[in-house]
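Please have the sequence and the structure open while reading.

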Protein chains: 2
Amino acid sequence: MPTLRRDPIAGRWVINPDGKEDHPSSLIEMEKLPQKGVCPFCEGNESYTPPEIFALRSKGSEKDGPGWEVRVVPNISPALRVELDLDRRAERMYDLMNAVGAHEVIVETPKHIPNLADLEVWQIKKVIETYKMRISDLKKDKRLRSIFIFKNYGERAGSSPIKHAHSQLIAVSVTPKNLKEELVGAKEYYDYKERCVFCDMIKQELSTEKRLICSNPDFLAIAPFASRFSHEVWILPKKHSVDFEDMSEEGSQNLAFLLKEVLLRLKILLNDPPYNFILHSGPNRTKRREQAWKTLSEDYHWHIEIMPRYTRIDGFEWGTGLYINATTPEQAVTCLRKVKM
Amino acid sequence: MPTLRRDPIAGRWVINPDGKEDHPSSLIEMEKLPQKGVCPFCEGNESYTPPEIFALRSKGSEKDGPGWEVRVVPNISPALRVELDLDRRAERMYDLMNAVGAHEVIVETPKHIPNLADLEVWQIKKVIETYKMRISDLKKDKRLRSIFIFKNYGERAGSSPIKHAHSQLIAVSVTPKNLKEELVGAKEYYDYKERCVFCDMIKQELSTEKRLICSNPDFLAIAPFASRFSHEVWILPKKHSVDFEDMSEEGSQNLAFLLKEVLLRLKILLNDPPYNFILHSGPNRTKRREQAWKTLSEDYHWHIEIMPRYTRIDGFEWGTGLYINATTPEQAVTCLRKVKM
């Protein structure tokens, strides 16, 4: 039974998958592939993945067959399972529960293209629309407190061996500590200033342009003031918005455009670097939970964090949560702006 | 000027060293070495490091010459500098200050031995005694709020190219968020239970032995209940103690013995894995600070966290602070106990 265990001191949660020792990032049982070099994510190879959860398909095409634009399948070795009961319990002083949740793979294109940066804008928009639909669907299950979409590109960023553009979704029955920190931080700022901390940041960055990489009517991309990683980039909606899935279709189009621009600038400047991105969006709210969080969560503001992973992270960063970053965001922005597109 | 910048949402701090783009883990300017293969940390090569801060030396031996057992030198490209003024200030909505602090390298042996696990117990005791002395000395500077000692062993753990056993010390003018979380967590537990959370954990682990690896009169080594990494190990003093540097000399001896045993068990079981270890000890306290932390810090309990780094950490863990660990601590302990020493 996969479990979620809570550290009694720091309060962080750890998922222990089913006792199998393979890392859940291994998206597919490679040995089941008919031969090396066959990509299970390419159109026509649908039988090499578990049955699809969702797909954007052309009319008349059949489930688990060709004819799709974006396809969502369960992770072959999921870290979490949706069919379990939560069963919150104690082991003497410790707290644990069953690892209820979802662990999905979003295949971003039927073509064998490794980097999301190289997809057409209309295709990236389809990916974004898929993200929205999966989040909306999963939020119906109120046990699932937070839903994350993330991408590991390149080996140093923890990518699976499948070099075909894909992202992952994890929905989980706890509020992980980094999200809780952001919720609490945004709340404290709001209480003190009566303004959203993200909105204030956006206004300052648009006005000084010191850390602004690019923008369009709906979104902006900045190098955050306290960047943890060299060339870290955040993309934020200009207008206050808690939940990613509330974005309009026009918003998806503008986000696709900006996301492609940022990923291409990083790719050209840093020679196709490994990177992670992660979508931070509003949690799945209930009254009881908002009371526990001492917030209405309306102070939160969704955003995407993109972290190039060509520099090393060592024991100090892990152990302390204090980062050492040799590139200032201002240096990064100067270089990222100069990239010829 | 190296700076410390605060993220306005999550409250985490980032160190921006002096604008040089080399990673501060590069302990030495390699190009200054007379030839490849000369180790700047070996006895006789003292001139290839900056002048020593401290050394345990035989009587009559000269500073920066041979005749030492443990030697402490400044990091050649320090992330922090002790000679600066703090100069806390704002950049409009953001907070920053000068990166006041210390960044030192502790060379653990005059001999060219890569892994601390392979040193004699008496030598490891000297290393521990050196840690105590450096911490005591740095705590005199009340600007330095927290002092960490950590080790990166092996390339995947972020080690420098110098394959000679060494650890690093960072003293910094902020309380990094992982330490703050632990201080707050220990305080909340104390407020609710009127007991130290670490002491409770120690009692439970000694009584059930489910996650106990080994112990001696003063210390125990456990796989923590919510292990983030496969085969993660914590070493804790059995008796409640806030500050590492308060340990007696007999304590140092017993810690050296247990630390060697744990590192050897990991080395044999996992085939000389890369690992990080980090010492979590009580912060440098002042009345004002304890008021801000809403704690007397007396609820804290120092410990060493050892994290083997042979499994991959990807974007999900980074982005959320929620970990996926395919090895349960009970599985890890079963294997670690069976190792033939």
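Strand E2 (residues 13-16) of chain A pairs with strand E15 (residues 323-324) of chain B in the parallel sense, over 2 bridges. Strands pair if DSSP finds at least two bridges between them; helices (H or I, at least four residues) and strands (E, at least two) are DSSP runs, numbered from the N terminus. In this pairing, A:Val14 stands opposite B:Tyr323.

The model is predicted: local features need pLDDT of at least 70, side-chain atom pairs count only at pLDDT 80 or more, and totals for chains, interfaces and linings use all residues. Residues are numbered from 1 along each chain as its sequence is written, and chains are lettered from A and ligands numbered from 1 in the order in which they are written.

**Contact between the chains**

- Chain A and chain B each bring 70 residues to the contact (C-beta atoms, placed from the backbone, within 7 Å).
- On the chain A side, helix H2 (residues 177-193) gives the most, with 8 residues.
- That side of chain A has 34 nonpolar, 19 polar and 17 charged residues (Ala, Val, Leu, Ile, Met, Phe, Trp, Tyr, Cys and Pro count as nonpolar, Asp, Glu, Lys and Arg as charged, the others, Gly among them, as polar).

**Helices H1 and H4 of chain A**

- H1(A) (residues 121-139) meets H4(A) (residues 249-269) through residues including A:Ile124 and A:Ile128 in H1(A) and A:Leu255 and A:Leu259 in H4(A).
- By class, this helix contact has 7 nonpolar, 2 polar and 3 charged residues.

Methods
Contact = placed C-beta atoms within 7 Å. Axes fitted to C-alpha atoms, helices over the stretch in contact; angles between N-to-C directions.
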